[in-house]
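Colleague: Thanks for making time for this. Could you take me through the labels on your model and show me what stands behind each one?

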Amino acid sequence: MESDTLLHVCNFSTLFVCMVLKFPQIFVLMRAKSATGVSLNSLLLELLGFIVFVTYQMYYDYPPPTYLEYPILIAQDVILLLLILHYNGSLRHSLLYALVFVGGWRLLTVEKWIIDLAMSLCTFISASSKLAQLQCLWRSKDAGQVSALSWALATYTCTARIYTTTVTTGDTQVLVRFIAMTLLNLWVLLTVLYYQRHSSSSKKDD
């Protein structure tokens, strides 16, 4: 009974958190009117990973509560993508990205081996998105437009999904993905906090 209660808490808290997960980052960008420190490549890779993951879950009829947050996250990532393109002066590229992602999504379910192969690469794709964000932070040394709250929420949701995956599907590929994402999200979070604290200290010294 206790395990069932914990499972429901993890599922619904994850869904609730994901409904607002990207909002802090969206508001930071809109307030700053700049995308400095936010990696476009990271966002594109994350979006690709989300699409592959949710398609895989739906293809194999996994319980909807284990992946319901992903359509919400995809929608929020699309908003973030449009904002970044807008502030970078590249909004005209949005149609091209839309065609590529929709076409790729349709291709995933043409054959079983395609979706299986895509899922086997999903952890690598998602990990690459976090590493791209880390690289962007290291290069710019500026986390002013990066929301620490969004990365903290992402760390929590991945941690919760480690538990829900273990007690429901037990899918090893999915479990490995969530463990890797938890560690990488935490790494990005700590990096953001470091640069934000360093920036605050520099301003005080000035």
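Modeller: Let me start with the word helix: here a helix is a DSSP run of H or I with at least four residues, and the runs are numbered from the N terminus. Thr 123, for instance, lies in helix α6. Please keep in mind that this is a predicted model.

Colleague: What is Thr 123 in contact with, leaving aside its neighbours within four places in sequence?

Modeller: Contact means heavy atoms within 4.5 Å. With that cut-off, Thr 123 is in contact with Gln 173, Arg 177, Ala 180 and Met 181.

Colleague: And Met 119, is that one buried or exposed?

Modeller: Met 119 has its place in helix α6 too. Its relative accessible area is 1%, and the limit for buried is under 20%, so Met 119 is buried. Not counting residues up to four places away in sequence, Met 119 touches Val 52, Phe 53, Tyr 56, Gln 173, Val 174 and Arg 177. Met 119 and Gly 49 are 70 residues apart in sequence, with 8.6 Å from C-alpha to C-alpha.

Colleague: What makes α3 and α6 roughly parallel or roughly antiparallel?

Modeller: The angle decides. α3 and α6 pack at about 150°, with their axes 8 Å apart. Angles over 145 degrees count as roughly antiparallel, and α3 and α6 are therefore roughly antiparallel to each other. The residues of this contact divide into 12 nonpolar, eight polar and four charged. As for handedness, α3 passes α6 in a left-handed crossing.

Colleague: How do you know whether α2 and α4 are roughly parallel or roughly antiparallel?

Modeller: By setting the angle against the limit again. α2 and α4 pack at about 15°, with 10 Å between their axes. Angles under 35 degrees count as roughly parallel, and therefore α2 and α4 are roughly parallel to each other. Their crossing is left-handed. On the α2 side the contact is made by Phe 23, Gln 25, Ile 26, Leu 29 and Met 30, and on the α4 side by Gln 76, Ile 79, Leu 80, Leu 83, Ile 84 and Tyr 87. Nine residues of the contact of α2 with α4 are nonpolar, two are polar and none is charged.

Colleague: Let's turn to charges. What makes Glu 46 and Lys 22 a salt bridge?

Modeller: In general, side chains of opposite charge can pair when their charged atoms come close. A salt bridge needs a side-chain nitrogen of Lys or Arg within 4 Å of a carboxyl oxygen of Asp or Glu. For Glu 46 and Lys 22 the N to O distance is 2.7 Å, so this pair meets the definition. Glu 46 lies in helix α3 and Lys 22 in the loop between α1 (2-20) and α2 (23-32), so the pair ties together parts that are 24 residues apart in sequence. Both Glu 46 and Lys 22 are buried.

Colleague: How many salt bridges does the structure hold, and which side chain meets Lys 22 at 3.4 Å?

Modeller: The structure holds five salt bridges. At 3.4 Å, N to O, Lys 22 meets Asp 77 in a salt bridge. This pair links distant parts of the chain, with Lys 22 in the loop between α1 and α2 and Asp 77 in helix α4, 55 residues apart. Both Lys 22 and Asp 77 are buried.

Colleague: Why are Arg 161 and Glu 69 called a salt bridge?

Modeller: Their closest N and O atoms are 2.8 Å apart, and the cut-off is 4 Å, so Arg 161 forms a salt bridge with Glu 69. Arg 161 sits in helix α7 and Glu 69 in helix α4, 92 residues apart. Arg 161 counts as buried because its relative accessibility is 1%, and Glu 69 counts as buried at 2%. Elsewhere, salt bridges that share partners join Lys 22, Glu 46, Asp 77 and Lys 130 into one network.

Colleague: Last one: is Asp 61 buried or exposed?

Modeller: Exposed means over 50%; Asp 61 has a relative accessible area of 67%, so Asp 61 is exposed. Asp 61 is found in the loop between α3 (40-59) and α4 (69-87), and its phi is near 55°, a positive value in a residue other than glycine.

Technical notes: Residues numbered from 1 in each chain as written. Predicted model: local features only at pLDDT ≥ 70, side-chain atom pairs only at ≥ 80, totals over all residues. Heavy atoms only, no water. Helix = DSSP H or I, 4+ residues; strand = E, 2+ residues; numbered from the N terminus. Buried < 20%, exposed > 50% of the residue type's maximum accessible area, 1.4 Å probe, protein only. Axes fitted to C-alpha atoms, helices over the stretch in contact; angles between N-to-C directions. Parallel < 35°, antiparallel > 145°, perpendicular 65-115°, else oblique. Left-handed = near helix turned anticlockwise from the far one by under 90°. Nonpolar A, V, L, I, M, F, W, Y, C, P; charged D, E, K, R; others polar.
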